[in-house]
Amino acid sequence: MTSFLLSGSIPSDFSGGILFILRNNYELYWEGIKFTLLISIAGTLLGLLVALVMTIFRIQETDQRDPIFTVIMKRISVILSSSYVEFFRGTPMMVQAAIFYYGLSSFGVHIPIIIAGIIIVTLNTAAYLTEVLRSGINGIDPGQIEGAKSIGLTRSQMYRYIIFPQVLKNMLPAIGNELVVNIKDTAVLSVIGVSELFYMGKSVAGTYYRYTESFILVALIYLVLVLITTRLLTLLVKVINGSNKYS
């Protein structure tokens, strides 16, 4: 009954309906924006950290001098990391969210829904950035790796001081692109009830029975978020490249 009364109070014209919905529900949309940005930014940064670890596992190579146990562990790490990447890149994030959240709940494990959203985006992002990192490492001049070994650097020191700094600088556009994708893809987390932007827009639409106006508002907000993020990332890349050029 309340929804019916509310729907009757909205102007019948399209533009008037949009303005009415925005004026009376801007707090809900703002709340959705905050959760969308929180999940996408945190998920991208944490996903990058996970990808750094997964990449090391993914590029393990056996050596004739390795003990049999080391050979087995390296092969297991390659198989597990490759399976991880293939699963998360080969299945929709909406399905992953449902499996993760409801699967844990069925075993009695209940975590805050926002944390669940961040974990899902993190795992999904890590799978894509692992491949980006792996490609970047493969593009490093082999002479640098041989040089690192010749001066006595350990494998971890070589990755920390030589390989990862170069790869991360080169993959900044890819990281930025993944952040933009995550801003849009957080919409699928509404399947588990995460109160992100799309979920809030859907709630407003259900309240007033004005789905077109509500979802157009959501689309415009997503567009503004993506445009602002893209511009900021482009500026960041220019600043970093400029500082490296004159350093």
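These legends walk through a few close-up views of a predicted model. Residues are numbered from 1 along each chain as its sequence is written, and side-chain values use heavy atoms, with hydrogens and water left out. Because the model is predicted, local features need pLDDT of at least 70 and side-chain atom pairs count only at pLDDT 80 or more, while totals for chains, interfaces and linings use all residues.

**View 1. Inside the largest nonpolar core.**
This core has 19 residues, and the ones that touch the most other members are Ile-21, Tyr-29, Ile-183, Leu-197, Ile-221, Tyr-222 and Leu-225. A nonpolar core here is a set of buried Ala, Val, Leu, Ile, Met, Phe, Trp, Tyr and Cys residues joined through side-chain atoms within 4.5 Å. Buried means under 20% relative accessible area, exposed means over 50%, and partly exposed is in between (1.4 Å probe, protein chains only). Two or more core residues come from each of α2 (14-58), α8 (172-185), α9 (197-208) and α10 (211-246). Helix α10 gives the largest share, 6 residues. Helices are DSSP runs of H or I with at least four residues, numbered from the N terminus. Zoom in on Ile-221: leaving aside residues up to four places away in sequence, Ile-221 touches Tyr-29, Ile-33 and Leu-197, where contact means heavy atoms within 4.5 Å. There's also a second, separate core of 17 residues, with Ala-148, Met-158, Tyr-159 and Ile-162 among them.

**View 2. Helix α3 and what its buried residues pack against.**
Helix α3 runs over residues 68-90, 23 residues in total, and reaches 33 Å from its first C-alpha to its last, close to the 33 Å expected. That expected span is 1.5 Å times one less than the number of residues. Its buried residues are Val-71, Lys-74, Ser-77, Ser-81, Ser-82, Tyr-84, Val-85 and Phe-88. They pack against α2, α4 (93-106) and α5 (113-138).

Ile-68, Phe-69, Ile-72, Met-73, Ile-76 and Leu-80 make a nonpolar surface patch of about 620 Å². To join such a patch, a residue needs over 30% relative accessible area and no salt bridge, and nonpolar side chains (Val, Leu, Ile, Met, Phe, Trp, Tyr) are joined within 5 Å. The areas come from the Shrake-Rupley method with a 1.4 Å probe. Ile-68, found in helix α3, counts as exposed at 64% relative accessibility. Leu-80 is also placed in helix α3 and is exposed, with a relative accessible area of 55%.

The structure holds 5 salt bridges, each a side-chain nitrogen of Lys or Arg within 4 Å of a carboxyl oxygen of Asp or Glu. Arg-58 pairs with Glu-131, with their closest N and O atoms 2.2 Å apart. This links Arg-58 in helix α2 to Glu-131 in helix α5, 73 residues apart. Arg-58 counts as buried at 16% relative accessibility, and Glu-131 is buried at 15%. Arg-89 and Glu-131 meet in a salt bridge too (3.7 Å, N to O). Arg-89 lies in helix α3 and Glu-131 in helix α5, so this pair ties together parts that are 42 residues apart in sequence. Glu-131 also forms a salt bridge with Arg-134, at 3.0 Å between the closest N and O atoms. Being 3 residues apart in helix α5, these two are separated by about one helical turn. Through shared partners, salt bridges join Arg-58, Arg-89, Glu-131 and Arg-134 into one network.

Key:
Patch = residues over 30% accessible without salt bridge, like charges linked within 9 Å, V, L, I, M, F, W, Y side chains within 5 Å.
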